[in-house]
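User: Could you take me through this structure, beginning with the strands and then moving on to the charged side chains?

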Amino acid sequence: MPPTAPLRALVVDDDSAMRTLVKDLLEWEGIDVRELPSGEGLVEAVEQEEISLVVLDKEMPGTSGLDLVPYVSRRRPGLPVIVITAFGGRWPQGVVPVEN
């Protein structure tokens, strides 16, 4: 049986502490992580890298995580995308927040 490629996540969050927290949790589960402080670079990463999961911050300066979801879905159908936030607030129709 050929070896499988390791899972790789892309974590996009402008808050470095939150990025580190998510990165540490994913790495604990054996997932390789690439971090980005903004949506810039997401396009290139999604199109050129073997990404298994995208984690996006809902509220970022410039392009929000919610604005990036349709792009990811069009370019990589079926790629799991998780949107996180520390602020709560309103979610668009069709998005179901999971609360702790």
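**Strand pairing and salt bridges**

Analyst: In this predicted model, strand β3 (residues 53-57) and strand β4 (residues 81-84) run parallel and are joined by four bridges.

User: Which residue stands opposite Ile84 in β4?

Analyst: Asp57 is the residue opposite Ile84.

User: What kind of unit do β3, helix α3 and β4 make?

Analyst: Together with helix α3 (residues 65-75), the strands β3 and β4 form a β-α-β unit, and this unit is right-handed.

User: Changing topic: how many salt bridges does the count come to?

Analyst: The count comes to six salt bridges. One of them joins Glu49 to Arg8, with 3.7 Å between the closest N and O atoms. Because Glu49 lies in the loop between α2 (42-48) and β3 while Arg8 belongs to strand β1 (residues 8-12), this pair ties together parts that are 41 residues apart in sequence.

User: Is Glu49 buried or exposed?

Analyst: Glu49 is buried, at a relative accessible area of 19%; the cut-off for buried is under 20%.

User: With which other residue does Glu49 form a salt bridge, and how far apart are the closest N and O atoms?

Analyst: Glu49 also forms a salt bridge with Arg34, where the closest N and O atoms are 2.2 Å apart. This pair links distant parts of the chain, 15 residues apart: Glu49 is in the loop between α2 and β3, and Arg34 is in strand β2 (residues 32-36). Arg34 is partly exposed, its relative accessible area being 24%.

User: Which residues are linked in a network of salt bridges?

Analyst: The network of salt bridges links Arg8, Arg34 and Glu49.

User: And what does the side chain of Arg75 meet in a salt bridge?

Analyst: The side chain of Arg75 meets that of Glu47, at 2.8 Å from N to O. Since Arg75 is in helix α3 and Glu47 in helix α2, the pair ties together parts that are 28 residues apart in sequence.

User: How accessible are Arg75 and Glu47?

Analyst: Arg75 is partly exposed, with a relative accessible area of 48%. Glu47 is likewise partly exposed, at 42%.

Notes: Residues numbered from 1 in each chain as written. Predicted model: local features only at pLDDT ≥ 70, side-chain atom pairs only at ≥ 80, totals over all residues. Heavy atoms only, no water. Pairing = 2+ DSSP bridges. Helix = DSSP H or I, 4+ residues; strand = E, 2+ residues; numbered from the N terminus. Right-handed = clockwise from strand over helix to strand, strands pointing away. Salt bridge = Lys/Arg side-chain N within 4 Å of Asp/Glu carboxyl O. Buried < 20%, exposed > 50% of the residue type's maximum accessible area, 1.4 Å probe, protein only.
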